[in-house]
Structure formats: structure tokens, C-alpha cells
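Open the model in your viewer and keep the selection tool ready. We will go stop by stop.

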Amino acid sequence: MVVAAIGAVAVFASVFVYLRGQQDQLGEFATVLRVSSEVEAGQPVGADHVETESVPRMYFDEELFLSDLSEVETPADQELVAATHLEEGVLLQQGMVQPQPTLTTGEREIAIMVDAETGVAGKVQRGSVVDIYGTFQAGGHGLSLIHI
């Protein structure tokens with residue numbers, strides 16, 4: 001019985017020493033933002049879409065990951081939107097959220113509907129690279145062609 005008790009104490013001590021060593025290797029912890037619900041590209045991202053999480057600082061690049069949404073410079077009249085589709089559980093990085101785009105004087109916004117009727121028939125998916133051609137009246141010099 002005494003030998004079993006001594007063995008139990010030895011096992012407990014060795015597990016404690018091992019865990020303490022692992023914690024020392026990880027070092028300090030930092031706070032990062034994790035997406036708590038799926039957000040489509042262009043949709044607003046606010047405090048209700050993110051949650052904080054502690055990660056070991058050795059895995060955390062403070063210039064890459066966001067720890068607070070206020071770190072993204074945003075004009076007072078604009079809100080943050082997702083720059084791309086954000087899956088639930090992803091850690092937010094610089095560039096994943098951006099100020100809502102605005103138009104300046106002289107700019108126009110266009111939308112291009114892509115569906116089976118326009119001839120694409122499901123071939124274009126999220127992340128596909130496409131060429132867009134358009135023509136417009138170029139200030140009295142005939143038609144101009146633009147390729148994006």
C-alpha cells in the first residue's frame with residue numbers, strides 16, 4: 001500500500017512537472033478575435049460577429065491578427081464589412097475586414113448578374129477568376145473598351 005501511495009505521488013509530481021514545462025514553453029497569452037458566425041463578403045462585421053480568444057503569444061503576430069475591431073482605421077461615417085467570405089471559427093487578420101466602400105464624385109457602381117441565362121451555367125463559383133469587358137461612351141471620342 002505504501003509503495004502504491006509513493007508511486008501515485010511520483011506520477012502526480014511527474015505530470016505536474018511536465019505540464020509546467022509545457023506552459024513555460026508557450027509563454028504568455030494574447031487576445032485575438034475569432035469569427036463567431038459566418039459572414040458573407042460585403043456584409044457588416046460588428047462586435048456581435050466576433051468573440052475574443054486567448055492564444056499563446058508565440059503563435060500570435062500582433063501585426064497580422066486583430067485583437068480589437070477598433071484597430072482597423074475606419075472613417076466615422078463608415079462601418080466595417082467583410083472583405084471576403086468569413087467562415088465561423090476563423091481568426092481575424094488584417095485585410096479580412098475593411099471600411100465599407102464608398103463612391104467618390106464622378107464614380108458609378110455597376111452590378112453584373114451571372115446566372116444560367118447569361119451563359120455561365122454554374123461554371124463561376126466563389127473564388128473564380130473572370131474577365132469583365134465593357135463599353136462606354138468616352139466623352140465624344142466614340143466608344144471605349146475597358147477590360148478588368
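Start at valine 45. Select valine 45 and then its contacts beyond four places in sequence: Val39, Val50, Leu69, Leu80, Val81, Ala82, Leu86 and Val97. Keep them on screen.

Now widen the selection. Val45 belongs to the largest nonpolar core, which has 14 residues. Which residues touch the most other members of this core? They are Val45, Leu86, Leu92 and Val97. Two elements each give two or more residues to this core: strand 1 (29-35) and strand 3.

Step back and colour by confidence. This is a predicted model. Mean pLDDT for the chain is 79, and 80% of the residues reach 70 or more. Which element has the lowest mean pLDDT, and which the highest? Strand 6 (residues 143-147) is lowest, at 51. Strand 3 (residues 80-82) is highest, at 88.

Switch to a cartoon view. Follow the chain from the N terminus: the order is α-β-β-β-β-β-β. Next, think about contacts along the chain. Take those with a separation of 6 or more: 52% of them join residues 24 or more positions apart.

Go to the charged pair. How many salt bridges does the structure hold? It holds one. Select arginine 34 and glutamate 53, the two partners. Their closest N and O atoms are 2.4 Å apart. The pair links distant parts of the chain: arginine 34 sits in strand 1, glutamate 53 in strand 2 (residues 50-56), and 19 residues separate them. Is glutamate 53 buried, partly exposed or exposed? Its relative accessible area is 27%, so glutamate 53 counts as partly exposed, because that label covers values between the 20% and 50% cut-offs.

The chain exposes about 11400 Å², with 56% of it from carbon and sulfur atoms. Buried residues make up 18% of the 148 residues.

Last stop: select Val11, Val15, Tyr18 and Leu19. Together they make a nonpolar surface patch of about 400 Å². Where is leucine 19? Look in helix 1 (residues 2-26).

Terms used:
Residues are numbered from 1 along each chain as its sequence is written. This is a predicted model: local features need pLDDT of at least 70, side-chain atom pairs count only at pLDDT 80 or more; totals for chains, interfaces and linings use all residues. Side-chain values use heavy atoms; hydrogens and water are left out. pLDDT is the predictor's confidence in each residue, from 0 to 100. Helices (H or I, at least four residues) and strands (E, at least two) are DSSP runs, numbered from the N terminus. Buried means under 20% relative accessible area, exposed over 50%, partly exposed in between (1.4 Å probe, protein chains only). Contact means heavy atoms within 4.5 Å. Accessible areas come from the Shrake-Rupley method with a 1.4 Å probe; for residues, only the protein chains shown count as cover. Patches are made of residues with over 30% relative accessible area and no salt bridge: like charges are joined within 9 Å, nonpolar side chains (Val, Leu, Ile, Met, Phe, Trp, Tyr) within 5 Å. A salt bridge is a side-chain nitrogen of Lys or Arg within 4 Å of a carboxyl oxygen of Asp or Glu. A nonpolar core is a set of buried Ala, Val, Leu, Ile, Met, Phe, Trp, Tyr and Cys residues joined through side-chain atoms within 4.5 Å.
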